[in-house]
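Reader: I have a model open and a few questions about it. Can we start with the surface and then go to the details?

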Amino acid sequence: KVVPAVAAVESGAIAMSDSIDTGDGTLQQGRFTIRDMHPNGTISFSEVIMLSSNVGTAIVAEDMSEAMMYQYARQFGFNQKTGIELPGEVDTRLKQTKMWDATTKSAMSRGYAIEASPLQVALAYGALANGGLLMKPYIVRERRNAEGFVTWRAQPDSVRRVFSRETAATLMPAFESVVSEDGTAPLAHVEGLRIAGKTGTARKAGPKGYLPGKYRATFVGFWPVENPQVVLAIVMDEPGKSMYGGIVAAPVFQR
């Protein structure tokens with residue numbers, strides 16, 4: 001949901017305080033019914049993020065053009081390999097807009113209709129932590145000779161600016177509120193540490209469609225908010241206790 005949030009705020013399509021009527025927590029789009037975990041009624045866009053409202057996110061996405069959604073997804077790197085120095089990095093998929101149907105834009109806003117690796121997702125939230133800069137990942141920080149002297153050190157390098165520092169600063173309080181008692185990830189809270197992040201719950205895809213009763217639950221966060229140093233993505237594959245990222249992934253992040 002970081003993609004539609006950034007796209008909406010960066011383009012000026014919505015302000016964090018704008019009201020969105022999520023009704024009784026259901027929204028019919030074509031043959032699909034979008035549901036929230038609980039009815040939320042009329043809430044601000046900031047609360048849409050805090051409460052992880054699928055209905056609110058879908059409503060916001062519908063006000064954006066397909067071209068804008070596709071552009072920001074590409075800017076975040078969701079159809080390109082990251083270039084990390086490891087063999088076998090998988091290809092991911094972002095369909096061109098000419099292949100979209102009436103529900104693709106809404107589905108993408110909730111993490112469907114797109115294939116992304118955990119590393120790409122972590123880098124996307126890293127861009128938020130870095131004030132809108134998407135960074136190039138690397139494994140080796142430095143090399144040392146037999147005497148222990150550093151002979152080479154990696155220099156952090158950005159791939160591109162995805163969005164402005166102003167947009168990052170505008171969004172940060174909403175993503176920090178996710179970890180509050182009112183958000184979806186209070187179980188990620190660490191006393192004395194400011195954490196921002198986002199929960200995710202998605203049906204698991206198989207070769208012939210989504211698998212009945214199978215889910216992936218996630219929490220991606222970074223800390224400390226005032227000067228981010230670490231991004232951590234927790235992905236739980238087919239969790240047994242609960243399908244919700246705030247229940248099963250957030251506590252792992254916290255520990």
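Author: Fine. This is a predicted model. The protein chain has an accessible surface of about 13500 Å², and carbon and sulfur atoms hold 51% of that.

Reader: What share of the residues is buried?

Author: Of the 255 residues in the protein chain, 42% are buried.

Reader: And the radius of gyration, what does it say next to a compact globule?

Author: The protein chain has 18 Å, and a compact globule with 255 residues would be near 18 Å, so the two agree. Along the principal axes, the C-alpha atoms fill a box of roughly 65 × 45 × 40 Å.

Reader: How much of the contact list comes from residues 24 or more positions apart?

Author: They account for 60% of the contacts with a separation of 6 or more.

Reader: Secondary structure: how many helices and strands?

Author: Nine helices and 11 strands.

Reader: Take S10 and S11. In which sense do they pair?

Author: Antiparallel, over eight bridges, with S10 at residues 209–223 and S11 at residues 230–237. A hairpin of six residues joins S10 to S11. As one of the bridges, Arg-216 has Asp-237 in S11 as its partner.

Reader: Which peptide bond is cis?

Author: The one joining Trp-223 and Pro-224 is cis, with omega about -20°. Pro-224 sits in the loop between S10 and S11.

Reader: Which residues other than glycine have a positive phi here?

Author: Ser-52 is one, with phi of about 55°, and Glu-238 is another, with phi near 55°. Ser-52 is in the loop between helix H2 (45–50) and helix H3 (54–62). Glu-238 is in the loop between S11 and helix H8 (245–248).

Reader: Ser-52, buried or exposed?

Author: Buried, because its relative accessibility is 18% and the cut-off is under 20%.

Reader: Why does Glu-238 count as partly exposed?

Author: Because its relative accessibility is 36%, which falls between the 20% and 50% limits.

Reader: Last one, Gln-71. Where is it?

Author: Gln-71 is in helix H4, residues 66–75. At 43% relative accessibility, Gln-71 counts as partly exposed. Its C-alpha atom is 22 Å from that of Pro-137, which is 66 residues away along the chain.

Technical notes:
Residues are numbered from 1 along each chain as its sequence is written. This is a predicted model: local features need pLDDT of at least 70, side-chain atom pairs count only at pLDDT 80 or more; totals for chains, interfaces and linings use all residues. Side-chain values use heavy atoms; hydrogens and water are left out. Helices (H or I, at least four residues) and strands (E, at least two) are DSSP runs, numbered from the N terminus. The radius of gyration is taken over C-alpha atoms; the globule rule is 2.2 Å times the number of residues to the power 0.38. Buried means under 20% relative accessible area, exposed over 50%, partly exposed in between (1.4 Å probe, protein chains only). Contact means heavy atoms within 4.5 Å. Accessible areas come from the Shrake-Rupley method with a 1.4 Å probe; for residues, only the protein chains shown count as cover. Two strands pair if DSSP finds at least two bridges between them.
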